[in-house]
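Keep the viewer open as you read.

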Amino acid sequence: MTVPNLISKYIFRHIKNPRPIIQFIGISMILFSSAEAIGCTSAIIGAEASASGRPLLWKHRDTSTTDNKVEYVAAGEDGGYSYVALFNAKDRQLKEAWTGMNEVGFAVMNTASYNIKDDNVPAKNMDKEGLVMTIALKTCRTVDDFEELLRSLPRPMGVEANFGVIDALGNGAFFETNNHSYVKFDLKDAPGHVLIRTNYSHSGRPNQGYGYVREANAEVLLDEAIKEGNISAEMLTEKLSRSFYHDVRKKDALDSGERWAVDEDFIPRYKSTATIVIEGIRPLDNIESATPDIIIPQYIMWTGLGYPPVTDIYPVWCHKNGIEEGLRGIGPGGTSPIGNESKKRRAEVFPPRKGGNKKYIDLTALSNENGTGYLQILPPRNHATYEKISRKRDAGEFELFSSSPAGRAVNTIE
């Protein structure tokens, strides 16, 4: 089935009779509502700026919904694509994807925006970004397909967001989208082939929204790598998502020599619940070449579940056996065991204080003179994961996880 027909099957039929899709969105939001509460730092890195020659889509997720999981969704009988995505733990029916990739090379994520809504649509009818991204993962192959989807959705769309997308042709864009319209920022026009977004839209009302300091932090941390054209997925999860550089103060809190720091305007925050980089394929010449047998072994969703400074990184593939079992929602209440372990680690970084104040970071839990801090132990371990998996991928080996209780056992397919 062609891409336009796929989108037509899911969306266009509802344009003449939009009631079904509106009902679907409305019911889903009642059951699974979870706004991206004033958070997320993100970037799209073009193949020209990437160390691997592959585009990168990064989302450092901030949300009041603490528990996340990663799940695979197989193609349905209606002809949609298979995909893998980050979901909230309570989302048992997998209605709202918060970042993900599909079997034909389309990937999407979002950051909430707070300066482009220009109407009085009630809050209860908003926050449908996760539903939009679910539809996109099921139906889109290219950046152009996603733009067509945005044109086709019933109005008001129930969104105020910066949607970031990449495809197998090396295209990428941010779509700054409100209930009725969007502004596209094309990766090919971006300085250094890099686009960064936090929680305001560049096309929106000046000096409104959130995340200006976090965006500046990311720009500083990536500056040299942008000039050299060697940004890596590892740099995004291990440097940016674990950095306590603060651009207003022009210094890194970890260099202060003090034990405590106030949790404000760093990229990682108390409400940070994941760092994910989707690393694509070296750009293909035509979209017909983006078949599942080509895409699935090449696309990797590097996933750190939980508060990013204390997370291990796991590779994820768009395959039924492409997810480490501990990332999935197999724990109590649909939580993920790896995410639950990260919550325990986060509690060490934000120890209980009088009055329940969670604003203070114990920096010694991250880095200390004994070398036992999470920022001292985990990045070398994650580096070994990046090195091993990238080497296998580049050699044409496809590594899948076993479903056995052993956890990290893998099967290698030549």
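## Surface patch, strands and cores

On the surface, Trp260, Val262 and Tyr360 make up a nonpolar patch with about 230 Å² of accessible area together. Patch members have over 30% relative accessible area and no salt bridge, and nonpolar side chains (Val, Leu, Ile, Met, Phe, Trp, Tyr) are joined within 5 Å. The areas are Shrake-Rupley values with a 1.4 Å probe, and for residues only the protein chains shown count as cover. Tyr360 sits in strand β17 (residues 360–362) and is partly exposed, at a relative accessible area of 30%.

A word on the ground rules: this is a predicted model, where local features need pLDDT of at least 70 and side-chain atom pairs count only at pLDDT 80 or more, while totals for chains, interfaces and linings use all residues. Residues are numbered from 1 along each chain as its sequence is written, and side-chain values use heavy atoms, with hydrogens and water left out.

Now for the strands, which are DSSP E runs of at least two residues, numbered from the N terminus. Strand β7 (residues 161–166) is mostly covered, with 6 of its 6 residues buried (buried is under 20% relative accessible area, exposed over 50%, partly exposed in between). Ala161, Phe163 and Val165 point one way from β7, and Asn162, Gly164 and Ile166 the other way. Strand β10 (residues 194–197) is also covered on both faces, with Val194 and Ile196 buried on one side and Leu195 and Arg197 on the other.

Here is how these strands pair (DSSP has to find at least two bridges between them):

| β6 (residues 107–112) and β7 | antiparallel | 6 bridges | Met109 and Gly164 |

β7 and β8 form a hairpin with 5 residues between them, and Gly170 in the turn has a positive phi of about 90°.

What about the inside? The largest nonpolar core has 31 residues, and Val70, Met101, Ile278 and Leu327 have the most contacts inside it. Such a core is a set of buried Ala, Val, Leu, Ile, Met, Phe, Trp, Tyr and Cys residues joined through side-chain atoms within 4.5 Å. β14 (272–279) is one of the elements giving two or more residues to this core, and its share, 3 residues, is the largest. Leu327 touches residues including Val70, Tyr314 and Ile338 (contact means heavy atoms within 4.5 Å). Apart from this core lies another, of 29 residues, among them Ala43, Leu240, Trp317 and Tyr386.

Definitions and conventions: Buried means under 20% relative accessible area, exposed over 50%, partly exposed in between (1.4 Å probe, protein chains only). Helices (H or I, at least four residues) and strands (E, at least two) are DSSP runs, numbered from the N terminus. Patches are made of residues with over 30% relative accessible area and no salt bridge: like charges are joined within 9 Å, nonpolar side chains (Val, Leu, Ile, Met, Phe, Trp, Tyr) within 5 Å. A salt bridge is a side-chain nitrogen of Lys or Arg within 4 Å of a carboxyl oxygen of Asp or Glu. Lists of a residue's contacts leave out its neighbours within four places in sequence.
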